[in-house]
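Hi,

Here is the structure I said I would pass on.

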Amino acid sequence: MTSAPAPAGDPRGLDLERLRGHLDRVRPGLLAGPLHGRLIEGGRSNLTYEVGDGTARWVVRRPPLGHVLATAHDMRREHRVIEALHGTAVPVPGPVLLCEDESVLGAPFYVMEYVDGVPYRTAGMLAALGPERTRRVVLGLVDTLVALHAVDPQEVGLGDFGRPEGFLDRQLRRWAKQLAASRGRDLAGIDELHGALGRALPRSPAATVVHGDYRLDNVLVGGPGDAVRAVLDWEMSTLGDPLTDLGLLVMYSSDLGLTDSPVSTTSAAPGHPAPAELIERYAARSGRDTGEIAWYTAFAWFKLAVILEGIHYRWTLGQTVGEGFDRIGELVPVFIEHGLTTLQEG
């Protein structure tokens with residue numbers, strides 16, 4: 001995990017005295033002293049903090065400041081899936097507690113164990129490992145996805161975690177609605193891509209727990225053998241079609257054909273396996289038919305195009321803060337083109 005420098009006082013959104021008081025009441029004996037904390041950089045939605053007492057460290061997750069829609073930043077949901085998966089073959093941080101009392105930090109939050117590891121965000125970070133280790137890391141990402149999709153939701157208490165029936169149709173409608181809400185310009189091909197996806201909906205395999213945003217920088221890698229030590233950021237998880245996770249992973253492992261892109265894929269790193277090898281490994285180890293993976297990958301391109309267009313739309317309204325947002329808009333046509341090409345070429 002990459003941490004920002006520790007601030008002089010409390011990190012914004014994290015009252016350390018209130019947090020310590022709550023932990024002392026609910027988990028007496030957990031803390032050995034006063035808490036210090038820092039914001040962990042890199043998150044795009046929910047806020048993540050590292051906290052420690054000088055002896056041990058934990059991670060706190062809470063919604064962004066000024067959040068409005070509780071359903072979009074559901075701490076109970078994230079905590080529930082981590083708690084359910086802890087102890088399975090899927091590596092997740094150990095859950096410590098969930099707090100839904102907003103008087104403590106101003107919003108619901110949960111605490112989990114701190115896991116040492118690196119979220120590899122760019123091809124450059126992977127390149128520093130060398131080709132052999134890069135290959136091992138990426139293939140390990142596939143194997144961890146297979147392990148996730150092998151979990152029986154009923155056995156871990158997640159049998160009611162989502163509505164698998166009609167999952168793909170609802171996903172398409174959801175992202176079309178998102179597009180309509182942030183459409184401020186003409187986007188050549190976006191309606192064609194959406195329509196083509198709708199006409200070719202595949203028959204989903206048996207539902208599994210899906211992560212919803214499965215990619216290399218949402219896991220922590222470390223230790224002997226560069227193993228995946230923890231899968232993070234479960235805010236989009238549900239029960240649904242497991243191949244949506246694979247399609248997204250394939251998309252993020254594909255070459256965008258752009259230099260210095262604000263949206264990174266990792267495929268340029270020497271030793272990175274080609275998307276076809278990732279698909280073959282997943283199919284061999286999961287036993288699932290991946291014959292229609294082109295649809296799922298095209299859907300991933302569509303979904304990301306919609307997300308990026310939303311970011312671009314907010315930038316045009318002056319509602320974004322930070323660097324790089326001015327370049328997001330130019331990426332959207334690239335994602336649309338990749339989606340159309342992927343679907344057409346099958």
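To get you oriented: in which helix is Thr144 found? Thr144 sits in helix α5. Before going further, please keep in mind that this is a predicted model.

**Around α5**

Thr144 has a relative accessible area of 10%, so it counts as buried. Leaving aside residues up to four places away in sequence, Thr144 touches Pro91, Tyr214, Val228 and Val231.

α5 covers residues 131-150, and one of the helices it meets is α8, residues 243-252. The axes of these two helices come within 11 Å and cross at roughly 165 degrees. Anything over 145 degrees counts as roughly antiparallel, which is why α5 is described as roughly antiparallel to α8. The crossing itself is right-handed. On the α5 side the contact is made by Leu141, Val142, Leu145, Leu148 and His149, and on the α8 side by Asp245, Leu246 and Leu249. Sorted by class, that contact has 6 nonpolar residues, 1 polar and 1 charged.

α5 also meets α9. Here the axes come within 10 Å and cross at roughly 40 degrees, and α5 and α9 are therefore oblique to each other. This crossing is right-handed too. From α5, the residues involved are Arg135, Val138, Leu139, Val142, Asp143, Leu145, Val146 and His149. Facing them in α9 are Glu277, Leu278, Arg281, Tyr282, Arg285 and Ser286.

**How covered is α8?**

How many of the residues of α8 are buried? The count is 10 of its 10 residues, so α8 is mostly covered by the under-20% cut-off for buried. Going along the helix, the buried residues are Leu243, Thr244, Asp245, Leu246, Gly247, Leu248, Leu249, Val250, Met251 and Tyr252. What lies over the buried residues of α8 includes α5, α6, β6 (208-210), α9 (275-286), α10 and α11 (332-345).

**α6 and α10**

Next, have a look at α6 (residues 167-181) and α10 (residues 293-316). Their axes come within 9 Å and cross at roughly 25 degrees. Angles under 35 degrees count as roughly parallel, so α6 is roughly parallel to α10. α6 passes α10 in a left-handed crossing. α6 brings Leu168, Gln171, Leu172, Trp175, Ala176, Gln178, Leu179 and Ala181 to the contact. α10 brings Trp295, Tyr296, Phe299, Phe302, Lys303, Val306, Ile307, Glu309 and Tyr313. By class, the contact of α6 with α10 has 13 nonpolar, 2 polar and 2 charged residues.

**The aromatic rings**

The structure holds 3 aromatic pairs. In one of them, the ring centres of Trp295 and Tyr296 are 5.3 Å apart and the planes are at 80 degrees, so that pair is edge-to-face. Trp295 also pairs with Phe299: the centres are 5.5 Å apart and the planes are at 10 degrees, so this pair is stacked. Trp295 and Phe299 are both in α10, 4 residues apart, about one turn of the helix. Taken together, ring pairs link Trp295, Tyr296 and Phe299 into a cluster.

Are these residues buried or exposed? Trp295 is buried at 4% relative accessibility, Tyr296 is buried at 1%, and Phe299 is buried at 4%.

**Pro202**

Pro202 is buried, with 9% relative accessibility. Pro202 and Glu292 are 90 residues apart in sequence, yet their C-alpha atoms are 7.1 Å apart in space. Not counting residues up to four places away in sequence, Pro202 touches Leu168, Glu292, Trp295 and Tyr296. Of these, Leu168 belongs to the α6 side of the contact with α10, and Trp295 and Tyr296 to the α10 side.

Cheers

How values were computed. Residues are numbered from 1 along each chain as its sequence is written. This is a predicted model: local features need pLDDT of at least 70, side-chain atom pairs count only at pLDDT 80 or more; totals for chains, interfaces and linings use all residues. Side-chain values use heavy atoms; hydrogens and water are left out. Axes are lines fitted to C-alpha atoms, for helices over the stretch in contact, and angles run from 0 to 180 degrees between N-to-C directions. Angles under 35 degrees count as roughly parallel, over 145 as roughly antiparallel, 65 to 115 as roughly perpendicular and the rest as oblique. A crossing is left-handed if the near helix is turned anticlockwise from the far one by less than a right angle, and right-handed if clockwise. Contact means heavy atoms within 4.5 Å. Ala, Val, Leu, Ile, Met, Phe, Trp, Tyr, Cys and Pro count as nonpolar, Asp, Glu, Lys and Arg as charged, and the others, Gly among them, as polar. Buried means under 20% relative accessible area, exposed over 50%, partly exposed in between (1.4 Å probe, protein chains only). Rings of Phe, Tyr and Trp (its six-membered ring) pair if their centres lie within 6.5 Å; planes under 30 degrees apart count as stacked, over 60 as edge-to-face and the rest as tilted.
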